[in-house]
Structure formats: C-alpha cells, structure tokens
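Visitor: I am new here and would like to learn how the labels are given. Could you show me around?

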Amino acid sequence: MKKDFYEILGISKNADAAEIKKAYRKSALKYHPDKNPGDKEAEENFKLAAEAYEVLSDPNKKAKYDQYGHQAFDGSGGFGGGHGGMNMDDIFSQFGDIFGGGFGGFGGGGGGPRRAKGSNLRIKVKLTLEEIANGVEKKVKVKRKVQAKGVTYKTCSTCNGQGQVMRVTNTILGRMQSASTCPTCGGSGQILDKRPSEADAQGMVLEDETVSIKIPAGVVDGMQLKVSNKGNDAPGNSVPGDLIVAIEELEHEFLKREGENIHFDLYISFPEAVLGVSKDIEAINGKVRIKLEEGIQSGKILRLKGKGIPSINGYGSGDLLVHVNVWTPKTLNKEQKQFFENALNDEHFIPNPEKSEKSFFEKVKDMFS
C-alpha cells in the first residue's frame with residue numbers, strides 16, 4: 001500500500017500552499033542525492049517527497065487526492081501511477097526552483113545527460129453512464145509531433161549534451177551545485193544537424209496515431225487520466241510527452257447520478273398505487289423488475305443495493321434509488337368524477353399516515369446518509 005502523501009511530507013491535510021512547499025523543500029534537502037551519495041533509501045525518499053509535492057501543490061490534483069486517495073492517480077496522474085517511472089532529472093526539471101539555487105542535478109555529473117521531454121497533448125473523451133459504470137476502452141486519433149525520418153541531431157556544444165549548464169555556489173550547507181536549462185538547446189542536449197524538407201525548425205512532423213485508452217469504472221466528470229509517452233516528441237534523445245485525457249460525462253435520458261448513487265423517478269397511476277403493481281424500471285445495465293405493495297405512497301424511496309456506480313477506489317458500488325411518484329389525472333369523465341366525489345368522505349380515502357412512516361425531510365436525510 002502506498003504511503004499517504006501528507007505523511008510523507010509530515011504535514012496535516014489543512015496545510016496551505018506555503019506549508020506544503022516548505023515541507024517539501026525540507027524533505028528534499030534532507031534526502032538530496034548530493035548529500036546522500038549512493039544511498040538508495042534516501043533516493044527513494046527523495047522521489048516519494050517529489051511525488052507527494054507534485055500532487056499536493058496542485059489545487060485540482062490535491063482535491064482529487066483528498067476525495068479519492070491514490071486511486072485518483074493510479075495509471076492516470078502523479079508520476080505515471082508511481083514515482084518509479086520518473087528519474088531524478090525529471091524531478092529537477094519540474095521542481096528545481098524549490099531548491100532556491102541550493103541544488104540542481106546530481107553532484108559531479110552523476111545524473112548523466114539530461115533527456116528532454118516533449119510537450120503534453122490534451123483531449124476530451126465523452127462517456128455514457130453505462131461506460132462509466134462498467135469501464136471502457138476507447139480508441140482515439142491524435143495528431144502528435146514526432147521526429148521526421150532522416151532527421152539527425154548533434155551534441156550541443158554549450159552544455160556538452162547535458163541539457164543543463166551547471167554552477168557551483170557556496171551555501172551554509174557547503175558547496176552546492178545548481179543547474180539551469182541550457183539556453184542553446186532548450187534542455188534537449190542536442191541541436192538540429194540535418195533537417196528533411198518536410199520537417200519544422202525542430203525536425204518534427206505531425207503524424208496521426210490511434211491511441212487506446214483504458215478508462216476504469218467509476219470515473220467522474222472533469223477527472224483527468226494520463227497516457228504516458230503519447231504526447232509530442234522533443235528533439236534528439238528525448239522522452240515523449242503525455243496524453244492528458246479529460247473525462248466528460250454525458251447526461252442520461254432517465255437516470256441521474258449523484259456520486260456513486262443513481263436516481264430514477266418512477267411515475268405510477270392512482271389505481272396502481274392503490275392495488276400494487278410490478279414495474280420494469282431503468283437501471284444502468286438494463287431494466288430491473290420491482291414490486292410495489294398495495295397502498296404505496298407518493299414520495300416513497302426504494303433503495304436497490306449495489307445497482308449504482310462502482311467506487312473508483314474499489315469499495316463496492318453505490319445504490320439505485322427509485323423515487324415513487326403517484327400521477328394525479330388532470331381530467332376525468334363524468335363517471336370517474338362522480339366516483340371521487342363520493343369518496344371524499346369515505347374513511348378509506350382520508351389521509352391517515354402511520355407513525356412509522358417518515359416525513360419528506362427524514363427521507364431526504366436518509367437518502368444522503
């Protein structure tokens with residue numbers, strides 16, 4: 001089980017942005033590779049702290065993490081579902097400013113040449129309620145920038161292929177290295193050598209690619225998933241960017257979603273309410289037959305356990321809540337009207353709710369409990 005991000009940084013869930021940044025800086029300085037050469041445990045803690053900060057420093061990601069935990073980012077956020085997929089140079093390139101000039105890449109060049117990363121692509125995928133409930137695999141066509149055939153690059157002479165220019169400064173902690181992106185190659189470590197005629201100034205061409213996206217059950221509108229390495233290429237020996245997939249939930253014709261629960265309005269006639277009836281109602285995966293007892297009251301809520309949306313955390317499924325509404329006719333013929341006029345003073349038609357029957361407000365309270 002993955003360790004809680006707040007626990008990693010040693011802060012509370014109420015910590016503000018300044019406290020989160022301060023806690024990350026403290027942890028990063030403690031476990032920095034320059035201070036712990038060859039210490040694998042320190043390197044692991046350094047990566048964990050970076051992953052925690054990457055999520056908690058972003059208000060949108062923090063909100064999703066607070067609601068769904070690590071499941072909100074497994075395979076779809078953070079560092080590709082786990083810090084193991086991100087190397088030290090990626091961390092320095094994203095959060096180098098946190099160190100305030102105190103640290104940069106690995107001391108003594110131990111990190112090796114820096115690999116640039118291409119830009120991310122963003123798309124929106126529309127899902128039906130059925131697709132959200134069951135999970136789905138979508139195939140989408142995207143236009144990616146890829147290196148043109150025949151393009152060649154050569155090592156940048158400014159940074160000697162490192163992608164960064166280094167400098168040494170004296171601090172209270174001793175002599176520290178800091179790094180900044182190479183101004184000549186933009187961080188790729190390589191510059192264009194031979195460019196095919198169809199390529200742009202970076203040696204790139206646009207190419208259509210069909211990408212398969214596995215969407216887990218239980219996603220919510222606005223959630224973002226990540227498909228690693230399906231974004232744009234960058235020049236030279238680079239790592240492709242990512243494809244960011246934003247989820248849009250399509251409105252269902254009959255069902256209304258509320259978190260993991262589903263609501264359905266069932267309208268029945270007055271005779272059906274009096275005599276009782278069996279009804280087929282809409283559910284996510286087809287119709288479900290339910291039996292209404294004699295004398296059922298308008299406003300009654302029937303709860304069908306487990307017929308809602310699966311939890312994205314894998315904690316079972318929500319419920320299907322059926323709201324019973326007795327339909328009152330607006331027009332009657334002469335005989336029908338006479339029948340109800342005769343029934344006005346009939347004791348069987350005089351409202352007499354049982355004490356066990358809950359009020360409307362009690363039913364609403366139960367529905368959200």
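Predicted model: local features only at pLDDT ≥ 70, side-chain atom pairs only at ≥ 80, totals over all residues.

Visitor: Why is phenylalanine 46 called buried?

Guide: Phenylalanine 46 has a relative accessibility of 0%. Buried means under 20% relative accessible area, exposed over 50%, and partly exposed in between, with a 1.4 Å probe and protein chains only. Residues are numbered from 1 along each chain as its sequence is written, and side-chain values use heavy atoms, with hydrogens and water left out.

Visitor: Where does phenylalanine 46 lie?

Guide: Phenylalanine 46 belongs to helix H3, residues 40-56. Helices (H or I, at least four residues) and strands (E, at least two) are DSSP runs, numbered from the N terminus.

Visitor: Why does lysine 62 count as buried?

Guide: Lysine 62 has 15% relative accessibility, so it counts as buried. This lysine is found in helix H4.

Visitor: What is lysine 62 in contact with, leaving aside its neighbours within four places in sequence?

Guide: With those neighbours left aside, the partners of lysine 62 include Tyr6, Ala15 and Val55. Contact means heavy atoms within 4.5 Å.

Visitor: Why is the pair of tyrosine 6 and tyrosine 65 called tilted?

Guide: A pair of aromatic rings is described by the distance of the centres and the angle of the planes. Rings of Phe, Tyr and Trp (its six-membered ring) pair if their centres lie within 6.5 Å; planes under 30 degrees apart count as stacked, over 60 as edge-to-face and the rest as tilted. The structure holds 7 aromatic pairs. For tyrosine 6 and tyrosine 65, the centres are 6.1 Å apart and the planes are at 45°, so the pair is tilted. Tyrosine 6 lies in helix H1 (residues 5-9) and tyrosine 65 in helix H4 (residues 59-68), so the pair ties together parts that are 59 residues apart in sequence.

Visitor: What makes the pair of phenylalanine 270 and phenylalanine 340 edge-to-face?

Guide: Their ring centres are 5.8 Å apart and their planes are at 65°, so this pair is edge-to-face. Phenylalanine 270 is in helix H7 and phenylalanine 340 in helix H8 (residues 334-342), 70 residues apart, which links distant parts of the chain. Phe270, Phe339, Phe340 and Phe349 form one aromatic cluster.

Visitor: Why is phenylalanine 340 called partly exposed?

Guide: Phenylalanine 340 has 29% relative accessibility, so it counts as partly exposed. Phenylalanine 270 is also partly exposed, at 32%.

Visitor: Which residues have the most contacts inside the largest nonpolar core?

Guide: They are Ile281, Ile290, Leu320 and Val322, in a core of 42 residues. Strand S11 (residues 261-269) gives the largest share of this core, 4 residues. Apart from it lies another core, of 19 residues, including Phe5 and Ile8. A nonpolar core is a set of buried Ala, Val, Leu, Ile, Met, Phe, Trp, Tyr and Cys residues joined through side-chain atoms within 4.5 Å.
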